[in-house]
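Here is a friendly walk through one protein chain, from its overall build down to a few single residues. Please keep the structure open beside the text as you read.

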Amino acid sequence: MSLFVLPKLLRPRTDLMSKAIIHDSKIMNIITTTLSNTQNDYLVGNPEWDNGTRSDVVLEAKSSVLNLPPIIIEIQHTVNRLFMKRVINCSLEAFNRHKLDPIVLIICTDTLSDSVAKDVKTSDIPACYDFPSTGWACNCLIVCKRRVLEYTDTMPLNPFIALTLFLTSRELTKNCSLYPDDPTIQYMYTLASHLHQNRLGDQHITDILAQVLDTQDHECTKILELIDQNLSSKTVAKAIKNLQSQNRAMKRK
């Protein structure tokens, strides 16, 4: 039984965790298998659009020869009319870039507003609703927790169901999940744990670099003060050598 607890910033339903999970190649294959019936043909694309807007995650074909539509993935707390207008805008930008209408997957982590819900229909893709997308996308799929739970009767869970269940969950540990023995759920919590450890390592490196920069800034200020005081070149040279010595010491750490 794992005792690892995800920190609040990296819990399921947060943008940071969701994006990191989706960037994993195995998770990407779960998505592309479900949405476009293909594996290992997509990579993480540029989410920044030419008009200055951005999407959460964009998956694009590894080669234009494959003629596969880009997949736009949005993780959104509240899906309402205003948000859907932004999605449509990003989809048109995706068409301008790829010359193919995108597939849009929206992960609704909390509230599907009535103004949007009244227009959706049940989709052939499990856990999803279809939102009208004629003229701006191949199809627009909306996932919400209520819809996901309709597909959780069979074990092991369909990998896409397990993924969407994780992304719409509040659970901070695998053991709090309703399906702790499901292999896909286990994989995602393990992946989340590794992401957390990597983030701690990155923060440690950032802290060291900040310390180095602060020290160098302080020493450079001292050297400039020595120059302003018209002290001898030997004194200035000694200060520079002291800075060089500190740099070498930091390299050895």
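A residue is called buried here when its relative accessible area is under 20%, exposed when that value is over 50%, and partly exposed in between, using a 1.4 Å probe and protein chains only. This is a predicted model, in which local features need pLDDT of at least 70 and side-chain atom pairs count only at pLDDT 80 or more, while totals for chains, interfaces and linings use all residues. Residues are numbered from 1 along each chain as its sequence is written, and side-chain values use heavy atoms, with hydrogens and water left out.

**The chain as a whole**

Eight helices and seven strands make up the secondary structure of the chain. Both kinds of element are DSSP runs numbered from the N terminus: helices are H or I runs of at least four residues, and strands are E runs of at least two. Of the 253 residues, 41% count as buried. Contacts (heavy atoms within 4.5 Å) can be sorted by sequence separation: among those with a separation of 6 or more, 58% join residues 24 or more positions apart. The accessible surface, from the Shrake-Rupley method with a 1.4 Å probe and, for residues, only the protein chains shown as cover, comes to about 14000 Å². Carbon and sulfur atoms hold 53% of that surface.

**The sheet**

Strands are taken to pair if DSSP finds at least two bridges between them. The seven strands form an open sheet with mixed pairing, in the order S1-S2-S3-S4-S7-S6-S5. S1 and S5 (121–122) are at the edges with a single partner strand each, so one side of each has no neighbour in the sheet.

Follow S2 (residues 57–61) for a moment: four of its five residues are buried. Three antiparallel bridges link S2 to S1 (residues 42–44), and Leu 43 stands opposite Glu 60 in S2. S2 also runs antiparallel to S3 (residues 71–79), again over three bridges. Across that pairing, Leu 59 faces Ile 71 in S3, and Val 57 is opposite Ile 73 in S3.

Ile 71 turns up again in the surroundings of Ser 36. Ser 36 belongs to helix H2 (residues 25–36) and counts as buried at 19% relative accessibility. Leaving out residues up to four places away in sequence, Ser 36 touches Tyr 42, Ile 71 and Ile 103.

Arg 86, in helix H3 (residues 81–98), is partly exposed at 32% relative accessibility. With residues up to four places away set aside, Arg 86 touches Arg 54, Glu 74 and Gln 76.

**Rings, charges and cysteines**

How many aromatic pairs does a search of the whole structure find? There is one aromatic pair. Rings of Phe, Tyr and Trp (its six-membered ring) pair if their centres lie within 6.5 Å; planes under 30 degrees apart are stacked, over 60 edge-to-face, and the rest tilted. Phe 166 and Tyr 189 have ring centres 5.0 Å apart and planes at 85°, so they are edge-to-face. Phe 166 is in helix H6 (residues 159–167) and Tyr 189 in helix H7 (residues 183–228), so the pair ties together parts 23 residues apart in sequence. Phe 166 is buried at 1% relative accessible area, and Tyr 189 is buried at 7%.

A charge sits over a ring if NZ of Lys or CZ of Arg is within 6 Å of the ring centre and within 35 degrees of the ring normal. Two such cases are tabulated here.

| Charged residue | Ring | Distance from ring centre |
|---|---|---|
| Lys 26 | Tyr 187 | 4.2 Å |
| Arg 147 | Tyr 129 | 5.5 Å |

The search finds zero disulfides (pairs of cysteine sulfur atoms within 2.5 Å) in the whole structure. For Cys 128, the nearest cysteine sulfur is that of Cys 144, 9.4 Å away. Cys 128 is buried at 0%, whereas Cys 138 is partly exposed at 46%.

**Backbone details**

Most residues other than glycine have a negative phi, and most peptide bonds are trans. Asn 37 has a positive phi near 55°; Asn 37 lies in the loop between H2 and S1 and is exposed at 68%. Lys 99 has a positive phi of about 60°, lies in the loop between H3 and S4 (103–112) and is exposed at 56%. The peptide bond from Met 155 to Pro 156 is cis, with omega near -5°, and Pro 156 is in the loop between H5 (145–148) and H6.
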